[in-house]
4 protein chains.
Amino acid sequence: MIIILKENTTAQEIENLAGIVKSHGVVPHISQGMHQTIMGLVGDTTRIDIESISQLKIVEAVRRIQEPFKNANRKFHPLDTVIKVGDAVIGGGSLTLIAGPCSVESEEQIISVARNVKSSGAKILRGGAFKPRTSPYAFQGLREEGIKLLLEAKKDTGLPIVTEIMDLSQLDLFDEIDVIQVGARNMQNFELLKQLGHSGKPVLLKRGLSNTYQELLMSAEYIMAFGNEQVILCERGIRTFETYTRNTLDISAVPALKKLSHLPVVIDPSHAAGIAEFVSPLSMAAVASGADGLIIEVHNDPSKAKCDGAQSLTPENFDTLAKKLHILKNAMAEA
Amino acid sequence: MIIILKENTTAQEIENLAGIVKSHGVVPHISQGMHQTIMGLVGDTTRIDIESISQLKIVEAVRRIQEPFKNANRKFHPLDTVIKVGDAVIGGGSLTLIAGPCSVESEEQIISVARNVKSSGAKILRGGAFKPRTSPYAFQGLREEGIKLLLEAKKDTGLPIVTEIMDLSQLDLFDEIDVIQVGARNMQNFELLKQLGHSGKPVLLKRGLSNTYQELLMSAEYIMAFGNEQVILCERGIRTFETYTRNTLDISAVPALKKLSHLPVVIDPSHAAGIAEFVSPLSMAAVASGADGLIIEVHNDPSKAKCDGAQSLTPENFDTLAKKLHILKNAMAEA
Amino acid sequence: MIIILKENTTAQEIENLAGIVKSHGVVPHISQGMHQTIMGLVGDTTRIDIESISQLKIVEAVRRIQEPFKNANRKFHPLDTVIKVGDAVIGGGSLTLIAGPCSVESEEQIISVARNVKSSGAKILRGGAFKPRTSPYAFQGLREEGIKLLLEAKKDTGLPIVTEIMDLSQLDLFDEIDVIQVGARNMQNFELLKQLGHSGKPVLLKRGLSNTYQELLMSAEYIMAFGNEQVILCERGIRTFETYTRNTLDISAVPALKKLSHLPVVIDPSHAAGIAEFVSPLSMAAVASGADGLIIEVHNDPSKAKCDGAQSLTPENFDTLAKKLHILKNAMAEA
Amino acid sequence: MIIILKENTTAQEIENLAGIVKSHGVVPHISQGMHQTIMGLVGDTTRIDIESISQLKIVEAVRRIQEPFKNANRKFHPLDTVIKVGDAVIGGGSLTLIAGPCSVESEEQIISVARNVKSSGAKILRGGAFKPRTSPYAFQGLREEGIKLLLEAKKDTGLPIVTEIMDLSQLDLFDEIDVIQVGARNMQNFELLKQLGHSGKPVLLKRGLSNTYQELLMSAEYIMAFGNEQVILCERGIRTFETYTRNTLDISAVPALKKLSHLPVVIDPSHAAGIAEFVSPLSMAAVASGADGLIIEVHNDPSKAKCDGAQSLTPENFDTLAKKLHILKNAMAEA
């Protein structure tokens, strides 16, 4: 962090600021020019609030050089984090397929889809029990009942389960759930993140619709700072001016997040595209760019799905895609 | 709502769709062209899920004509909603000033600021107890203690209090709070909105950083659909490519939200600007465009504020601004 | 500008960089820490290409402290620029109304509108001859003929004319035009800006739909660097996720641009709103925030306008608005 | 296109509107409900100005069903357009590599890079002669001299040339250039597009930083409507809130543009990323998603490049990447 001081700052004022900085365990390094004094901060600046420094009367500007996150930072943790969930391994060069319906609708539906996606190579089952919907009049998910049905499917197929939590009051229901998903709209629900820090379970953290990489990593930092290192980052499309697709997949998030952080990065091509026929090319792109996994919506009868049918693959489509991804992944290994 | 059907749809398929539509209490009106059949839906379409219709095999496109919200819609409730909080009246042509510090920091601080803003004409005291911060290492607010101090300030000055809730587990602490604020990052925390629908207290609902008017009104609709009609809409700046200001105040939100809805509209120029010297011109603009109120950050010593000091007014600045706003409001009455 | 060097940079490499910097007439000021060396540049850094410095092998990061524009910068030119066009004075605390139709359609239309807006207090007539349209199949303006009709209206009413140029090949036709408008889509048409720098005529420069204040000021800088100081900045709404309004008026642009620059700032509420009934509240907001002028679309029969009818005021609406603005401006003077 | 009429519209008014519609060669199809009358338009609606219909007094809303472009529309031209430039073939399933420096800097530089990229498999040489720069003080390109040097490199290597035009006054200089590039900032320079429609040369049309697919295709439509069918669409990253990368590559543009249009789609990973090490993963993603080609910045000494060095590959990097792309493309053929 570099603090640029205003002209005419006195030696006493500079000394005071140096004192504040030292109290945060950081070493100030002062460089006095004819017109301008600059203070460089050496050490761990993640705990320094850039805003409270900026508003001091003697400060003209503050520029951050280091990232404000530490636990999630690859600089302090060079090796890939690898997360194990049942037989699935996420991170470290593998390609993990997560698949299942937008919403759990019935026991028959979820077990049928679970068996299908398992036979095509999915290692984790997804399915929504609590559904965040823009309208209070839209289907809100089967809620508690949905969680029970997911656990039935787990018993039947052996697949571990990932499903979304919407509020920390629901946490008790997630005891036997394997991976807790935090949805895009809750990425900055900081009270929830803190509790998930205490939960000890892997968390699939979705990037908010208009959030930056740094904000995503700061939310991961919340979970990690409260004791939980098992965070999976998920890019699911951001909001842009393009409305032909539901959202815009930011494919650069794969190399960028992997450079900034050691955490695994998973892509959700279904919500990114919103259109089933684009799920395949986006999945291929994700794997080609180095993603650690994919989370894909699969429904036994998309035209009757209670939500997101337009972006769901049939089990047959998913099977075809899984085969293509396998060929691609092998080619990547050679290249 | 208008449903455009694909070519070659059979009479039987159209009849089936008409049946589905009727089951939602809406009358289908079919117009059969040579190439294209169109079904117009007459009645209350707010409860029809546009998405589930879109994904049907015979449907080419669906276009919504009416707004998907009803309780918040001015069409069904032409008169302005007016909300009374202590002596304050929000909506219906009045101009209500809400002021106070970003964070409650100490009893002395909050009482001193409360007395100051009251004497300048503020009718409600704002102050953060629970603070949503991007970094887990930043000051998180005094929390329970902050609520207590706000209630001390209420006792001292008689000013009603508005403060932010971050999670529904905190709801019990808000018993004596007058207006519950939902922050921008929680605008689509639907579980929280539902509970606030049951709370019976006025809710100040802030627009999310990248949300549309319709999404804001759908979040208001959540609160209203669960039984609480006292919702105050708050525009606090949206995220745009411009980073010179902290956010971008969308001043058109004032006439637009007032046209779409009967709910009062309040502007937060402090978070919109992020720079104290712009708070005055933005406040003037808000009143000139017809806003029902302003929520402004005032701190006794901005350069030492624990958060948002850069955008806080001193009590003196606020007093000067309040006088200017008074002159402006009078001129508006003549114009 | 501050250059942060990578660790292990040698003394020789630092000396070489200092040499490069000096060759741009800027004094390097080196501060060597234990881990990090920082080079602060003192002097006029507008001519230093931040990008070419960033890509040097020894450079970790570069942070700009000063703005990259100079001619347009209030720091080097503290007094407001005031531009005189006929009887109109733009800048320096006055409020100038510019009004007229989106497109010139006929002699009768333009003269009738010109007389009307003049009688309501407009000081400059606007009207499009060359029209940038998204579709090649839409009305492209009367072009040369439109310029002639504008000059007829000027002769008839004495009002100076502002109209848009779309390509520098059209420049000869603008000989008798008083103010040349550069549209939002041409804000970064750098070849055009250079020529307008030579033209000696006032230029009304519209902000691009997704451009920042700095980019707008850099485009003004192009015109000024090539010799023309008469630039009027125009905020006309930016593109955001909100589509209920045509664009989103960035009202903070008024205080922000006036702080950064000495150039006058004019607001176009018609293109910002896209809806006639919002033109009045946005115009009021613009004046309350300190704008130097307004450019408003007025059409004698909006429902038959060849473009932008939905956002055009009738002459009667404009007259009512002009009276309200007058009252507001007077109140501002008192406040 | 569907026109929703206001309640209480008279039969005579509807008939008048039907007449207007028919005059555009489109058949109106009226469906009269109890409350609402809907007019569906059957036929080619590309020439109907949706805006001028919207502003009619009897119209409540207009919704477009068909795309407003025709020449560029795959519906009317199902087969892929294939463009031949020298030995290069763009479109129809091939993968064409276009490579070269951001700017032409000297004869030695451009010839050396040209030979290098040719030997790695590039089929077209890129290089900037006219450079659009945000700052008037930045290097503006070698201009005429740059064009001459590109033609030297063409003579030396046989590679066809693509280079950017910034203004139509430069068109004469492009006589021997093979593909004319329209930069992102000129995507809606409609006068330039019209002239390129007459030029008969292939045009590489870059998507604007904040433009939609439809706007890009409407700009292609300009070129095609004026007689030139050889348009190559180029996605080069859009502006989003993420600033870690220079722009955000919208990878969905590949399947989306290819579904909407028959024109070839090329990806520019260099400008999208702005960071050399991300060019490889983004290139892989582009090919995996089905792109017809890549345009990549390659410089013999990136740290000394006059522009965009930070995003340029060395010839060695490019050679490695080309080999990986070859393996990927072969795998795609199997998959």
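1. Arg143(A) counts as partly exposed because its relative accessibility is 22%. Arg143(A) belongs to the loop between β8 (124-126) and α4 (144-157) of chain A, and its phi is near 55 degrees, a positive value in a residue other than glycine.

2. The basis of these remarks is a predicted model, in which local features need pLDDT of at least 70 and side-chain atom pairs count only at pLDDT 80 or more, while totals for chains, interfaces and linings use all residues. Residues are numbered from 1 along each chain as its sequence is written, chains are lettered from A and ligands numbered from 1 in the order in which they are written, and side-chain values use heavy atoms, with hydrogens and water left out. Helices (H or I, at least four residues) and strands (E, at least two) are DSSP runs, numbered from the N terminus.

3. A positive phi is also found at Asn8(D), about 70 degrees, although Asn8(D) is not a glycine. Asn8(D) lies in the loop between β1 (2-5) and α1 (11-22) of chain D and is exposed, with a relative accessible area of 74%.

4. Helix α3 of chain C (residues 107-119) has 13 residues and reaches 18 Å from its first C-alpha to its last, close to the expected 18 Å; the expected span is 1.5 Å times one less than the number of residues. Its buried residues are Gln109(C), Ile110(C), Ile111(C), Val113(C), Ala114(C) and Val117(C). An α-helix has 3.6 residues a turn, so residues three or four places apart point the same way. The buried residues of α3(C) pack against β7 (96-100), β8 (124-126), α4 (144-157) and α10 (315-334) of chain C, where contact means heavy atoms within 4.5 Å. Just after α3(C), Gly121(C) takes a positive phi of about 115 degrees.

5. Between chain D and chain A, 34 residues of chain D are in contact with 34 residues of chain A. The buried area, that is, the accessible area (1.4 Å probe) that two parts lose on being put together, summed over both, is about 3000 Å², and carbon and sulfur atoms give 74% of it.

6. Four salt bridges are found across the interface of chain D and chain A, a salt bridge being a side-chain nitrogen of Lys or Arg within 4 Å of a carboxyl oxygen of Asp or Glu. The side chains of Lys259(A) and Glu277(D) form a salt bridge at 2.7 Å, N to O. On the side of chain D that touches chain A, α7 (253-260), α9 (276-288) and α10 (315-334) of chain D each supply at least two residues. The largest share of that side, seven residues, comes from α9(D).

7. Asn211(C), in the loop between β11 (203-206) and α6 (213-225) of chain C, is buried, with a relative accessible area of 14%. Leaving aside residues up to four places away in sequence, Asn211(C) touches Met187(C), Gln188(C) and Arg239(D).

8. Lys304(C), in the loop between β14 (293-297) and α10 of chain C, is exposed, with a relative accessible area of 63%. Not counting residues up to four places away in sequence, Lys304(C) touches Glu105(C) and Gln55(D). The C-alpha atoms of Lys304(C) and Asn189(C), 115 residues apart along the chain, are separated by 32 Å.

Methods:
Buried < 20%, exposed > 50% of the residue type's maximum accessible area, 1.4 Å probe, protein only.
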